[in-house]
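The sequence and the structure are shown first.

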Amino acid sequence: MSTAAAATSRWETQRSFDELGRPLRDITFCVVDLETTGGSAAAGSMITEIGAVKVRGGEVLGEFQTLVNPHAAISPFIAVLTGITDSMVSDAPSIESALPRFLEFAAGTVLVAHNAPFDVGFLRHFASAQDLAWPGFEVLDTAKLARRVITRDDAPNCKLSSLAVLFNATTTPNHRALSDARATVDVLHGLMERLGGVGVHTIEELQTFTSRVSTAQRRKRHLAEGLPHAPGVYLFRDDRARVLYVGTSKDLRSRVRSYFTASETRTRMGEMVGLAESVTTIICATPLEAEVRELRLIAEHKPKYNRRSRFPEKMHFVKLTREPWPRLSLVRRVLDDDADYLGPFSSKKTAEKCLAALHETFPIRQCSDRIGAKPTRTACVLAEMGRCLSPCDGSADPATYAAVVRQLRDTLLHRPDDVVDAIQRRMTTLADLDRFEEAGIHRDRLATFVRAAARTQRLSALTGCPEVVAARREDDGRWSVHIVRHGRLAAAGVIPAGADAHHYVHQLRASAETVADAPGPVPAATAEETEKVLRWLEAPGIRLVDVDGEWVCPVGGATRHLSVYDAVNQSRLALVPFDEQRMPTTMHQPAR
């Protein structure tokens, strides 16, 4: 079979593929090779020859070859290796003349080279030296690709000479630029032919190919066909229509397609794709709507392959009870009982850290029994240690106890200074005694409390508002609008070009979800949803259209202390080994 016929056969095989992305048959490649006087342009090595072949769909569109005068002596070693001598390049053009001609030849193509960092590095170095703008070439390295494809059984190594033998290249590489470029063309086509059989049909898939993505995973790429290029939520389902995984993206089709290519190499996701039989999508008006819908769908379906946000109901709160002798307790639900709540916390352990910080500061009772207005019981050990006012044995004055409770309530809702000051004094005392581990325990308790108090104050401020309407101008010039009711996203939309903005917002508000008020810091939505809404509302460029209610946070609130503890946290993470980083968290983090 002739060379042309062989190349045509290889490409005809690929023409039958129904492809996503940019099909390989439509890509123009410029395969380039350089000969140089040494291994580093930055160290003074020069280019002595440029050779390139332009191909598309198996057809050679053109060739480029020129010797280059390095204006320096070529060492005997390089002369023997390449066959290029000083006399051969004495009348050749300089790199200042040759490089612009090559860039013009290669314009609009994907650059290909064997060990591309070397060749492209030289070209970029001299383009910079000449103040030439470097075109935004995409680059494909056949050496890197071969290392992912070729095994020891195929070839002893991934050198160009070995690969040329493996793929029956019609040109033998001989360290001359054009010959090596021609051989690289055959190697490129050979690699494409081999990878075509495992579902690699686009330039995107070729550039990022890895053997960690199974053939079965690639063959399910048809599941991405027909999906929209729009923001929204996607759901992978098994053969019984059960939801396996929920995700969100600004471009649904591109994101889902990535699960069947080399850009998705997580073992867990590979297992999920193996079980998937269909993908359904929900187009959303804005990215925020997509993020919120993702959270709600994960909570509803609890997909096996979503690790986070599956159980928003598994929250804990610190509750200041309403009874004759109030106390702090850990609860799972917020009730309409006029009590005060701090949270939510994603784990009981984290909530207990916060509870310990409060008990360290305020000597209210820690027993869980109900105590009447005039108790006559025996004092516990905490009372004997002076850590409880001891209402159980009647020794506590109701007015004094009530004053401590009022101070505690003010700490939870408005000013955390009492807890901060008390624990910082305790930390200082322990540090002076070289009891640093104990001081660290108190530091973590304090950090947990400050974060929880700040979050509670921020959430409560928003959830207390019956409605907040806000808008932002997006990158495309249009305005996105969100309706938030009691902390829950009730509607989202984008004002169409040329539409009356006031009328559109009025219609959006009229069609928005009805959200009833409820007690607690996160009554109408999960804490994670309200946090996402808050982050959007606090982002640059947001304009408040209307606010029903008072959206305010206390000036002396816990938020003003966050910067200190965030800085401490970052320093700790930088110093503590990775496997020892165990900072407490106070709510679920978004899945990504």
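## Overall composition

The model is predicted. The protein contains 21 helices and 15 strands. Of its 592 residues, 50% count as buried. Among contacts with a separation of 6 or more, 66% come from residues 24 or more positions apart.

## Helix α16

Helix α16 covers residues 398-413.

Which residues of α16 are buried? They are Tyr-401, Val-404, Val-405, Leu-408, Arg-409, Thr-411 and Leu-412. Viewed down the axis of α16, the buried residues fall within an arc of 155 degrees, and therefore they line one face of the helix. The elements that cover these residues include the strands β9 (316-320), β10 (328-331) and β11 (340-345). Helices α14 (348-361), α17 (417-432) and α18 (436-463) also belong to this cover.

## Strand β12 and its partners

Two strands pair with β12. With β15 (residues 543-548), β12 runs antiparallel and is joined by 5 bridges; in this pairing, Ala-470 stands opposite Leu-544 of β15.

With β13 (residues 479-485), the pairing of β12 is likewise in the antiparallel sense and comprises 6 bridges. Here Arg-473 has Trp-479 of β13 as its bridge partner. The hairpin of β12 and β13 has 5 residues between the strands, and in this hairpin Gly-477 takes a positive phi near 90 degrees.

## The sheet β7-β6-β8

In what order do the 3 strands of the open sheet lie? The order is β7-β6-β8, with antiparallel pairing. Strands β7 (243-249) and β8 (278-283) are the edge strands, each of them pairing on one side only. From one strand to the next, the twist averages 20 degrees.

Strand β6 (residues 232-237) pairs with β7 over 6 bridges in the antiparallel sense, and Tyr-234 stands opposite Gly-247 in β7. In a regular strand, the side chains alternate between the two faces of the sheet. Helix α13 (residues 287-301) lies across β6, β7 and β8 and runs at about 170 degrees to β7.

## Aromatic pairs

How many aromatic pairs does a search of the whole structure find? The search finds 12. One of the pairs is formed by Phe-64 and Phe-102, which are edge-to-face, with 5.8 Å centre to centre and 65 degrees between the planes. Phe-64 lies in strand β3 (residues 59-67) and Phe-102 in helix α4 (residues 95-106); the pair therefore ties together parts that are 38 residues apart in sequence.

Elsewhere, ring pairs link Tyr-234, Phe-236, Tyr-245 and Tyr-259 into a cluster.

Notes:
Residues are numbered from 1 along each chain as its sequence is written. This is a predicted model: local features need pLDDT of at least 70, side-chain atom pairs count only at pLDDT 80 or more; totals for chains, interfaces and linings use all residues. Side-chain values use heavy atoms; hydrogens and water are left out. Helices (H or I, at least four residues) and strands (E, at least two) are DSSP runs, numbered from the N terminus. The expected span of a helix is 1.5 Å times one less than its number of residues. Buried means under 20% relative accessible area, exposed over 50%, partly exposed in between (1.4 Å probe, protein chains only). The arc is that of the directions from the helix axis to the C-beta atoms. Contact means heavy atoms within 4.5 Å. Two strands pair if DSSP finds at least two bridges between them. Axes are lines fitted to C-alpha atoms, for helices over the stretch in contact, and angles run from 0 to 180 degrees between N-to-C directions. Rings of Phe, Tyr and Trp (its six-membered ring) pair if their centres lie within 6.5 Å; planes under 30 degrees apart count as stacked, over 60 as edge-to-face and the rest as tilted.
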